[in-house]
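Visitor: I would like to learn how to read a structure like this one. Where do we start?

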Amino acid sequence: KFLGPNLTESYCWPPVARGCDVVAISYQGNDPFLYIPPVLTCLQSGSCYKALPTRNGPLALILCPGWKKAQLVFELLKTYERCSRQLHPMLLILGQNKKEAGSVKIRGCEVIVTTPHSLLRLFEHHSLLFCRLCHLVLDEIEVLFSEATEQVFTILDCYKKAIITEEWEYSLHQIIAVGTHWNKHITHLIKEFMNDPYIVITAMEEASIYGNVQQVVRPCTNSERTAVLLKILDFTCDNLQKVLVFTNSVNEAEMVHKALKSNSIFSLKIHKESEFSFKYILEQWRKKYSSGTHVVLVLTDDCMQSLGITDATCVIHFSFPSPRIFGQRLHGMSDNFCNVIKYSSVDQECTKARSVILLTENTACHALEILRYLQHAEAEIPPELHDFTAKMLEAEEDKKFSRPLCPYLKTFGICKNRTVCPDRHQINLQIDVPQNIPDKIIRTPGCVTILPLHIVHATNYFGRIVDKQKDQYTVLAEEINEYFKKPSNKIAVKNVEKLAFYGLCEKTLFHRVQVVEISPKEEENLFFNVKIKYIDEGRTSQVQSYQLLHLPSRFQCLPPQAVEFVVCRVKPIDNEIEWNPKVTHYIHHKIKGKLHEAKIVHTLGNTAWVDPMVGIELLSDLKMSVNEYNIRSEILSMGLGTDNPEHITQLQKL
């Protein structure tokens with residue numbers, strides 16, 4: 001079903017398949033398909049690897065920024081390996097447990113997919129890991145360099161030392177780096193570790209960062225824009241200056257052109273209603289002009305592609321651009337982008353192309369994206385833009401005020417992606433009032449008995465708080481199951497209503513459930529799917545409408561019992577933001593449906609933070625219980641979790 005390579009793949013695949021060093025930056029730069037087909041093509045050719053030492057070790061090593069991406073790449077390799085010879089790929093995600101790294105066997109494996117931290121743990125026990133390595137792939141290079149800079153350069157140093165030896169003289173050695181954003185460390189990667197690499201950048205705003213384009217922001221009011229523009233153009237220069245002034249409408253283009261003419265600045269103009277043809281404008285633009293001349297072209301964005309101009313020395317954004325349009329505008333200077341490979345000192349030998357943004361009070365819609373880009377480009381940012389975007393971020397957060405509290409904030413005390421995260425990062429007193437948690441526990445937080453029933457991940461579960469004296473839910477559950485044992489009481493619901501409570505039979509047990517979603521397109525069908533929530537367990541599920549049973553009101557009096565529990569002060573290793581499935585699987589197997597003692601240290605809404613949470617074993621003969629394990633300690637002992645001392649402090653700051 002593959003239709004053919006896209007633009008970036010068309011440029012990347014040939015040099016990768018030839019064994020060249022390649023850097024690729026594109027909007028699709030996080031897609032492993034940029035390198036998997038050509039690397040697999042290389043690995044088919046046995047002749048490329050004949051000169052290698054006959055030892056154990058991989059031919060290809062793919063470094064990913066986290067376990068989730070590594071898992072995806074590994075699955076893709078397994079899929080496409082069916083069309084090639086057996087490569088025996090390995091997915092290696094190693095924790096801090098040294099015994100685990102020491103027990104890894106890489107005999108016969110030709111491709112390893114891993115993370116920087118995991119690889120260095122493996123390298124401590126397998127010192128000849130790089131002795132046959134020909135292809136080193138750095139996936140999502142900007143994330144690798146921002147999250148694990150030191151580890152990545154350590155790996156590159158090891159690889160560089162390995163290929164210096166004589167036996168590598170006639171062997172293939174290649175580094176492939178792909179990503180969505182340029183990163184300042186990529187320059188060092190190219191100059192120190194690559195040999196005449198192909199650099200493919202199809203995201204033009206990223207190409208401008210590579211090309212060292214100077215980004216300038218001029219704050220002004222909307223009415224001051226013309227005066228600021230004239231001031232920008234009022235400078236002398238020994239070189240020919242070719243300036244593009246971008247406007248967002250025909251009227252604006254006419255107004256700017258008129259202002260320039262009245263101030264004796266030679267300018268051209270083009271827009272869809274212009275009396276001049278594209279051919280005439282291009283002839284004027286391409287004329288031979290003497291040094292020190294200013295050639296200014298005022299235009300609208302829809303003309304840029306037809307003109308095909310690439311030799312401008314300056315772009316002025318008279319109207320504020322969207323991120324997509326911004327890249328197209330910068331393309332007008334692409335002939336003047338500096339080449340990192342060619343110049344050892346860019347600032348000294350390469351004349352900078354310049355991009356000037358006029359920042360006004362009317363630039364709200366895209367200010368945030370442009371600010372992120374300017375920070376990424378390490379441009380000088382005026383305080384006005386910082387203040388403006390801070391207010392925008394505050395307004396964006398206010399829009400999320402009715403959303404659930406961010407799960408990362410709850411689980412780890414911090415959310416790394418606040419600007420793109422759809423959930424709330426501030427306290428909403430209406431939503432965050434305690435729910436389903438007994439008043440006496442809120443008044444005097446302390447030790448409670450809890451029963452985890454639905455495991456979200458290693459430190460986040462839903463379950464019930466169990467009353468040791470007389471548990472109301474246990475009594476209710478017995479009554480419900482006794483009631484539905486009579487066939488005459490199993491009355492199917494005819495009209496399913498959203499948020500209403502019903503009964504549901506699952507195997508031999510009956511549960512209280514609430515309908516949370518009914519698909520609109522299915523409402524008219526006789527039977528349809530509904531999304532339900534088990535109100536006493538916390539999990540959700542899809543069921544057929546006919547499965548729902550009428551639940552007598554006496555069984556609805558007891559409030560929903562499901563409470564969310566979060567285990568404190570532990571987080572994944574290696575800056576990961578999600579738990580490795582190994583940890584979650586282990587904890588799931590260990591705790592689900594078993595009684596635990598826990599100390600509640602904080603409550604918000606339907607969530608209780610617990611520290612510690614211990615598994616207990618009831619000794620019925622002695623009429624006592626003993627602590628069997630501590631969940632936090634269990635996670636730490638696996639080597640895939642680390643201490644998170646700021647967890648509760650961060651929540652309390654909110």
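**Reading the chain**

Guide: Start with one residue. Q284 touches L268 and Y289, leaving aside residues up to four places away in sequence. Contact means heavy atoms within 4.5 Å. This is a predicted model: local features need pLDDT of at least 70, side-chain atom pairs count only at pLDDT 80 or more, and totals for chains, interfaces and linings use all residues. Residues are numbered from 1 along each chain as its sequence is written, and side-chain values use heavy atoms, with hydrogens and water left out.

Visitor: Which helix holds Q284?

Guide: Helices (H or I, at least four residues) and strands (E, at least two) are DSSP runs, numbered from the N terminus. Q284 lies in α12, residues 278-286.

Visitor: Is Q284 buried or exposed?

Guide: Buried means under 20% relative accessible area, exposed over 50%, and partly exposed in between (1.4 Å probe, protein chains only). Q284 has 12%, so this residue is buried.

Visitor: And D238, buried or exposed?

Guide: D238 counts as exposed because its relative accessibility is 69%. D238 sits in the loop between α10 (225-233) and β9 (241-247).

Visitor: What does D238 touch, not counting residues up to four places away in sequence?

Guide: D238 touches S291 and G292. Take S291: 53 residues separate D238 from S291 in sequence, yet their C-alpha atoms are 5.8 Å apart.

Visitor: How many helices and strands does the chain have?

Guide: There are 23 helices and 25 strands. Of the 654 residues, 52% are buried. Among contacts with a separation of 6 or more, 69% join residues 24 or more positions apart. The C-alpha atoms fill a box of roughly 100 × 70 × 50 Å along the principal axes.

Visitor: How is the chain divided into domains?

Guide: Domain bounds come from an automatic or database domain assignment. Domain 1 covers 7-202. Domain 2 has two segments, 210-342 and 349-394. Domain 3 takes 439-468 and 563-652, and domain 4 takes 473-557.

Visitor: How far apart are the centres of domain 1 and domain 2?

Guide: Taken over C-alpha atoms, the centres are 40 Å apart. The contact takes 9 residues from domain 1 and 5 residues from domain 2.

Visitor: How is the size of an interface given?

Guide: Often as the accessible area lost when the parts come together. Buried area here is the accessible area (1.4 Å probe) that two parts lose on being put together, summed over both. Between domain 1 and domain 2 it is about 670 Å², and carbon and sulfur atoms give 72% of that.
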